[in-house]
Amino acid sequence: MAKAECTPKWNTLALRNRKTCPTPEKSFQTTFTPVSKDKNSQTAGHLAGGDTQSSNGPSGQFLARESIESPSKVLLMLVAGLSFSTRLYKITEPPHVCWDETHFGKMGSYYINRTFFFDVHPPLGKMLIGLAGYMSGYDGTFPFIKPGDKYENQNYWGMRGFCATLGSFLPIFAYLIVLELSNSCTAAIIAATLLIFDTGCITISQYILLDPILMFFIMAAVLSMVKFNQQRYRSFSASWWLWLVLTGINLAGALGVKFVGLFVIILVGLNTIWDLWRLLGDMSLSLVDIAKHFLARAFALILLPLILYVTIFAVHFVVLNKSGPGDGFFSSAFQSRLIGNNLHNASMPEYLAFGSTVTIKNLRIAGGYLHSHWHLYPEGVGARQQQVTAYLHKDYNNLWVVHRQQDNNSQSGNPDLVRHGDIVRLEHKETTRNLHSHLHEAPLTKKHFQVTGYGINGTGDANDLWQVEVCGGQKGDPVKVLRSKVRFLHRATGCALYSSGKTLPKWGWEQIEVTCSPYLKETPSSQWNIEDHINPKLPNISLSVLKPNFLEILLESHIVMFRGNSGLKPKDNEMNSKPWHWPINYQGLRFSGVNATEYRVYLLGNPVVWWINLASLGLYLTMVAVASIATQRGFSLGQQRIEHSLVLVRGGGLLMLGWLLHYAPFFTMGRILYFHHYFPAMLFSSMLTGLTLDILFRSADLLLHPPYSYWFQRAGQLLLLFSILYSFYLFHPLSYGMTGPLAHEPGSAMADLKWMDSWEF
């Protein structure tokens, strides 16, 4: 072994085997409060180095923690009390629907009533909301039509209380995480205080929303990961397995609420990769031991979350077994499993025939039903003829009658079947106009042709004719209901009937654009199937054989969710924002009320908290850079500075990575974004602030001698606490409700608090 050198470089300490410097190392473990050498890879932030186990490692860790155990418990109780009291205060106010409660409260009702619906997020959050409502006596009858609807005598408090309870755990988790990463009660209490008294965190926790549920699982996963890393000297013990399995369970929970739960999965994955890399370099472990570690993590962090995630959907599909508003987003085969759907245990003619009344569904996921209505295309959008769209819901205006090329008279006896290559005319049943196309460009897809409704009562022109093509079929093959993939080729122009998936503007009722595509490659967007089929002159068959299996509906549901998520667009006058707005608290969200006579709630972060967090991000990077430069230049930092550097790089590095993973991806997203998307990242930012400011205050002795350094430290902590509490006092009406004049109106109590013109309370 090389000669032991007690070098002051923290990066060398992080990378060398701890046996290299036994004497200082022992002292380091028994006196080090912020972080011990034994915790190089115990902390979730051990992304910068590792060491191997030695005989005195665990004892040093326990000695270091004994001095903070008692005060940390007292502070934890204080944090819990303040957190629950601030979240549960006025939980029933206002007694009407606020913001997205209209969606998630309604979806909770759907679970209680077992009614199938579609949402762009996985189902766990809505299932838990529904369960909370059911357990608190809510019967699922409130319609949740729009914000402002009075709850009257409905037991909505259970669903709000459930979300607020989960939101109350966020400061508690933050306290425990920072305490584990720094072994500093001061850092932990700063992080918890920032979250307890943040008006934004309070507001988003008090309503029937997915956000507090998502953030609960994210923070629980991070806490479990950090706790698991502390068990590195107790491999395969009960506590080791407990925290490892809890990490996997919480990862499944985060992803089961929203797909952004993937970000914390990446965070845990990177931590696990580094942990395994450290183990690979531990020469005291055999390859069999390393394989056991790998398999344990693969089971708990990959297989177990996957099983739980799939189980969530299995429960979702079992509970929601009745037809509902989400049917039209899914395939005909999917709908056949829903009780009450016209395809469930239904029977209908097997083959399409002339004279049949049908619905025609596009095979693109969420492609919609071929649809028309009395409204015309507006001036300047192709020919001013009747609109033809694709509609995602069951509707009478989805019905079409199949006619021959020149004859729409009913026949005696059995009607002729429609076959591959036949020429048909499709007449809209409600308006009697024919499906029509011409060389005018489509409304949104400019290289395609417009599709309209034209003529009346069977009259029209040659542009109303379509040739039926059974995909994979030959001339003369009949069209099978539900099973045949069919294309409709326009006789005059040669284009194919096509659902673009693009949402039309308000004049098109935000339905899906239907075009005629000159590009004839077979794609789901140009393929259709016959779903409903009515023809009393034909014999019926049972459709029960078409029900899909679990894996098929699981795959289809994910495809629908992904496409629905990416296609979200803002509605008129709806508040939306850009990612750069979020850290600076640029713009909030109206949760309730818009005028002086209404009870107003406004989602906006406590500006002092958010701006301290923003400044701390830059401060953290500066402190790490200064420490790195000092080390590289060979300055003697002293034992305490080495300890601070380790906390900054490892614990702070983890939190900075968590912030980046939960924030940076939004810059690449094309979907509509809102202010509340930043709150998971804000949790990591607040924890990083606690860790950073604590080390900053404790570094006062770099400039001041005792006792002035101690006075400066305490003064800084008190000033920080006062700033947070006073700003909460000023801005708490944003969370707990405002009445009277708006901030920009005379006599408003909030007039002096409109620090940015973009705030609209």
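Predicted model: local features only at pLDDT ≥ 70, side-chain atom pairs only at ≥ 80, totals over all residues.
User: Which other residue has a positive phi, and how do you know whether Glu152 is buried or exposed?

Analyst: Glu152 has a phi near 55 degrees, again positive in a residue that is not glycine, and Glu152 belongs to the loop between α5 and α6. The relative accessible area of Glu152 is 64%, and since exposed means over 50%, Glu152 is exposed.

User: What makes Asp119 buried or exposed, and where is Asp119 found?

Analyst: Asp119 is found in the loop between α4 (101-113) and α5. Its relative accessibility is 13%, and because the cut-off for buried is under 20%, Asp119 counts as buried.

User: Which residues does Asp119 touch, leaving aside those up to four places away in sequence?

Analyst: Asp119 touches Phe104, Met107, Lys126 and Met561 when residues up to four places away in sequence are not counted. For one of these, Met107, the C-alpha atom is separated from that of Asp119 by 8.7 Å, with the two residues 12 apart along the chain.

User: How do you know whether Asn414 is buried or exposed?

Analyst: The relative accessible area of Asn414 is 61%, and because exposed means over 50%, Asn414 is exposed. Asn414 lies in the loop between β5 (399-403) and β6 (423-428), and although Asn414 and Pro536 are 122 residues apart along the chain, their C-alpha atoms are separated by 9.7 Å.

User: Why are α10 and α11 described with the word they are given for their relative direction?

Analyst: Helix α10 (residues 238-257) and helix α11 (residues 262-280) pack at an angle of about 155 degrees, and their axes are 8 Å apart. Because angles over 145 degrees count as roughly antiparallel, α10 and α11 are roughly antiparallel to each other. Their contact is formed by Thr247, Leu251, Ala254 and Leu255 on the α10 side and by Leu262, Val264, Ile265 and Val268 on the α11 side. Sorted by class, this contact of α10 with α11 holds 7 nonpolar residues, 1 polar residue and no charged residues.

User: What makes α5 oblique to α6?

Analyst: Helix α5 (residues 124-135) and helix α6 (residues 157-182) pack at an angle of about 130 degrees, with axes 7 Å apart. Roughly perpendicular covers 65 to 115 degrees and roughly antiparallel needs over 145, so the angle of α5 and α6 falls into the remaining class and α5 is oblique to α6. The contact brings together Leu128, Ile129, Ala132 and Gly133 of α5 with Gly158, Met159, Phe162 and Cys163 of α6.

User: How do you know which peptide bond is cis, the one that joins Glu93 and Pro94?

Analyst: The bond joining Glu93 and Pro94 has an omega of about -10 degrees and is a cis peptide bond, with Pro94 placed in the loop between α3 (57-88) and α4. Most peptide bonds are trans.

User: What does the span 647-666, one of those listed by UniProt as "transmembrane region", look like in the model?

Analyst: The UniProt entry, which is unreviewed, lists residues 647-666 among its spans under that name. In the model, residues 647-666 are 85% helix and 0% strand, with their end C-alpha atoms 28 Å apart.

How values were computed:
Residues numbered from 1 in each chain as written. Heavy atoms only, no water. Axes fitted to C-alpha atoms, helices over the stretch in contact; angles between N-to-C directions. Helix = DSSP H or I, 4+ residues; strand = E, 2+ residues; numbered from the N terminus. Parallel < 35°, antiparallel > 145°, perpendicular 65-115°, else oblique. Contact = heavy atoms within 4.5 Å. Buried < 20%, exposed > 50% of the residue type's maximum accessible area, 1.4 Å probe, protein only. UniProt positions renumbered as here; feature names shortened; annotations may be inferred. Nonpolar A, V, L, I, M, F, W, Y, C, P; charged D, E, K, R; others polar.
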